[in-house]
Amino acid sequence: MTRTAVIGRGLFGAAAARHLARAGVDVTLIGPSEPADTASHRGVFGSHYDEGRITRKNAAHPFWVEASMASIARYAEIEAESGIRFYTETGAMIAGSAAFMARVDVGRRRFDVPCDRLDDAALASRFPFFRFPEHFSGFHERTRAGHISPRRLVAAQTKAAQGHGARIIDATVQGLDESGTAATVTTDSAVQSFDRVLVAAGGWSDSVLARAPRLEVYARTVALFEISDGEAARLATMPSLVYEAPEDPYLLPPVRYPDGRICVKLGGDPEDVKLDGPGAVGDWFRSGGNAQVRDRLHEMVRDLMPDLVIESVSMAACVTSWTHDRLPEIANLSDRIAVCTGGNGSGAKCSDELGRRGAALILEKTGELT
Ligand SMILES: Cc1cc2nc3c(=O)[nH]c(=O)nc-3n(C[C@H](O)[C@H](O)[C@H](O)COP(=O)(O)OP(=O)(O)OC[C@H]3O[C@@H](n4cnc5c(N)ncnc54)[C@H](O)[C@@H]3O)c2cc1C
């Protein structure tokens, strides 16, 4: 049987491993666990060390609509296979000017995504806690939308993959070499040979492949606004939200964090800061984020939700990896090596489908596609 490795135990890699293992492939998923202390960690990082990612079907580009619909349809299967819950159905909304909504409607119409169209009056009456500009309207997806815990989704995919027979190696890959007969993967603790390797190492994919930079990796800061249990109850009907503004903001409804805090999270960067090379990416994660961006996000949440009672404000650093065409790179690079990367800031919700497509490349090559 074909010996396969997936490098990167993040959202795409763990999904790919589950699909490969389900198909009966001999698969080893290799990647390190989340570091215990971000500030002192010297190794690689992932973009899923968080509790909230927006999940929605609507998007301007039909690719994302299709991939999200396919993934969301399998959330229940992943939860059942793993026994780990990661999805909360709060609904999701996109709001903006007529021109902005017309762009979103291109993707929406292609797949006839079910949602309520709300004009400015309907927006105000359904969501009294938001203050949108008067010319805004919105698409509100009430079902099969909301948010996921990316941390728990990785845990669920990994556990389900193990249940189907995948092996997990908690290690960082230091080298990937290809010869005529095998692909050799060197980790900090071992050297192993595989017939096929899928690289799904997020912002580190270029360095794992030892290729000239193809991905653009950008620094991202998120602001977390801690609120009380009572405030969270007042916001019980709050959906996940993407709205039109120069910062491309996205807002998560109240989510409980592992330390017990309940936070509303706002992300969106006033300017794009590109990180050149793994050293710069590591330094950025260790920095914990940009305080000026955090303060700007604080102003923005006050404008959008003036009644929000905030107990404390904190921030976190993350990165997004972008491709030239703004669509994921899921491709065979050689007879033995394939890649599945490039979330373009949108890859969490649809990671199961992107991982499945990465797995399909391996299955096509090995003839084990069922
Ligand atoms: C702040 C922020 C907010 C976001 N919000 C949303 C959202 O609301 N909705 C949405 O759909 N998407 C969102 N995204 C995007 C989404 O999180 C990413 O698209 C997704 O995490 C990409 O998954 P991935 O598997 O490619 O990368 P990752 O999840 O980063 O996984 C890559 C893995 O590779 C591992 N790795 C790296 N180097 C090596 C190595 N040498 N050896 C072994 N393993 C290695 C890492 O440890 C990591 O576990 C957001 C991203 C950010 C940063």
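Predicted model: local features only at pLDDT ≥ 70, side-chain atom pairs only at ≥ 80, totals over all residues.
I then asked which of the 39 residues around the ligand come nearest. The list reads Gly10, Gly202, Cys318, Gly343 and Gly347.

Next I looked up the elements that contribute to the shell. Helix 1 (11-22) supplies at least two residues, as do strand 3 (53-55), strand 14 (216-227) and strand 19 (312-322).

I also checked which domains take part. At least three shell residues come from domain 1 (1-45 + 150-214 + 326-370), and at least three from domain 2 (216-322).

I turned to an open sheet of 6 strands and noted its order as 9-2-1-13-21-20; the pairing is mixed. At the edges I found strand 9 (167-169) and strand 20 (329-332), each of which pairs on one side only.

**Strands 1 and 2.** I examined the pairing of strand 1 (residues 3-7) with strand 2 (residues 26-30): the two run parallel and are joined by 5 bridges. Within this pair, I located Thr4 opposite Val27 of strand 2.

**Helix 1 on the sheet.** I returned to helix 1, already noted as a supplier of shell residues, and asked which strands helix 1 lies across. They are strand 1, strand 2, strand 13 (196-199) and strand 21 (337-341). Relative to strand 2, helix 1 runs at about 165°.

Conventions:
Residues numbered from 1 in each chain as written. Near = placed C-beta within 6 Å. Helix = DSSP H or I, 4+ residues; strand = E, 2+ residues; numbered from the N terminus. Domains from an automatic or database assignment. Pairing = 2+ DSSP bridges. Contact = placed C-beta atoms within 7 Å. Axes fitted to C-alpha atoms, helices over the stretch in contact; angles between N-to-C directions.
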